[in-house]
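I opened a new model today and kept notes as I went. Here is what I looked at.

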Amino acid sequence: MNKLLFAGLLLALPLSLAAAPQSVNVPLPAPSATPSAAPTAAAAFAQLDPAQQRQRRSDYAAWRALPEGERERIRQAAARFAALPADQQQRLRAQFQAQDQAFREGWRLGPQLGAEFPKLHGLFGFVPPQQRDAVLAVLRQLSPSQLAQLALVAQRTPPQERDSVRSAFLMVPAAERDTWLKRQAGQ
């Protein structure tokens with residue numbers, strides 16, 4: 001799974017480099033291709049310390065939460081990443097690890113949301129746990145242009161107004177989101 005998540009992040013690397021002065025690189029676990037690998041993976045997992053096990057479980061939950069289309073994009077990126085020379089893979093990993101933790105965590109949301117996460121972080125980086133699933137469901141319904149407008153809204157929203165703007169956005173029916181976003185973005 002870690003290699004797949006990493007590949008998904010690499011998929012968005014060109015987008016993130018254009019959108020932010022930061023780069024992308026996250027390790028992803030490889031899917032097990034053979035049934036005989038399962039006991040080895042379980043044994044390897046058992047050897048991890050509790051914090052590493054929690055991280056692996058969290059990575060897997062993030063992977064399972066992605067829509068299948070995004071998981072497929074990540075699988076394709078993983079294949080492209082695996083074909084790169086080892087030194088280039090290591091350079092990309094180092095670039096990603098040099099990024100801010102919040103930026104790296106944003107890529108766990110998949111290629112589409114990961115590309116916009118640095119801009120959306122102000123509104124959606126600190127969502128109460130009880131709202132997280134609902135927020136992700138709404139964000140995943142947005143088109144790329146709607147995400148861009150929402151990013152603009154997020155960047156223009158003062159910290160003291162973030163909770164109310166986020167709540168207002170989540171209350172807008174899907175059919176009215178374009179209008180709401182354009183009005184909020186000043187377009």
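These entries go from the overall fold to single residues.

**Ground rules.** I am reading a predicted model, where local features need pLDDT of at least 70, side-chain atom pairs count only at pLDDT 80 or more, and totals for chains, interfaces and linings use all residues. Residues are numbered from 1 along each chain as its sequence is written, and side-chain values use heavy atoms, with hydrogens and water left out.

**Overall fold.** I looked up the secondary structure and found 12 helices and 0 strands. Helices here are DSSP runs of H or I with at least four residues, strands are E runs of at least two, and both are numbered from the N terminus. Next I checked burial: 40% of the 187 residues count as buried. Buried means under 20% relative accessible area, exposed over 50%, and partly exposed in between, using a 1.4 Å probe and protein chains only. I then turned to contacts, meaning heavy atoms within 4.5 Å. Among those with a separation of 6 or more, 70% join residues 24 or more positions apart.

**The core.** Which residues touch the most other members of the largest nonpolar core? I noted Leu-123, Phe-124, Leu-139, Leu-150 and Phe-169, in a core of 23 residues. Such a core is a set of buried Ala, Val, Leu, Ile, Met, Phe, Trp, Tyr and Cys residues joined through side-chain atoms within 4.5 Å. Helices α8 (111–124), α9 (132–141), α10 (144–156), α11 (162–171) and α12 (177–185) each supply at least two residues of this core. I followed Leu-123 further. Leaving aside neighbours within four places in sequence, its contacts include Leu-150, Val-153 and Arg-166.

**α11 against α12.** Their axes, lines fitted to C-alpha atoms over the stretch in contact, come within 10 Å. They cross at roughly 155°, on a scale from 0 to 180 degrees between N-to-C directions. That makes α11 roughly antiparallel to α12, a label for angles over 145 degrees. On the α11 side I listed Val-165, Ala-168 and Phe-169, which meet Arg-177, Trp-180 and Leu-181 in α12.

**Arg-166.** This residue is in helix α11. Is Arg-166 buried or exposed? Arg-166 counts as buried because its relative accessibility is 5%. Its side chain joins that of Asp-163 through a polar contact of 2.8 Å. For such a contact, N or O atoms lie within 3.5 Å, and within protein one must be able to donate a hydrogen and the other to accept it; residues adjacent in sequence count only if both atoms are side-chain atoms.

**Arg-156.** My last stop was Arg-156, in helix α10. Arg-156 and Gln-184 are 28 residues apart in sequence and 9.3 Å apart in space, C-alpha to C-alpha.

How values were computed. Angles under 35 degrees count as roughly parallel, over 145 as roughly antiparallel, 65 to 115 as roughly perpendicular and the rest as oblique.
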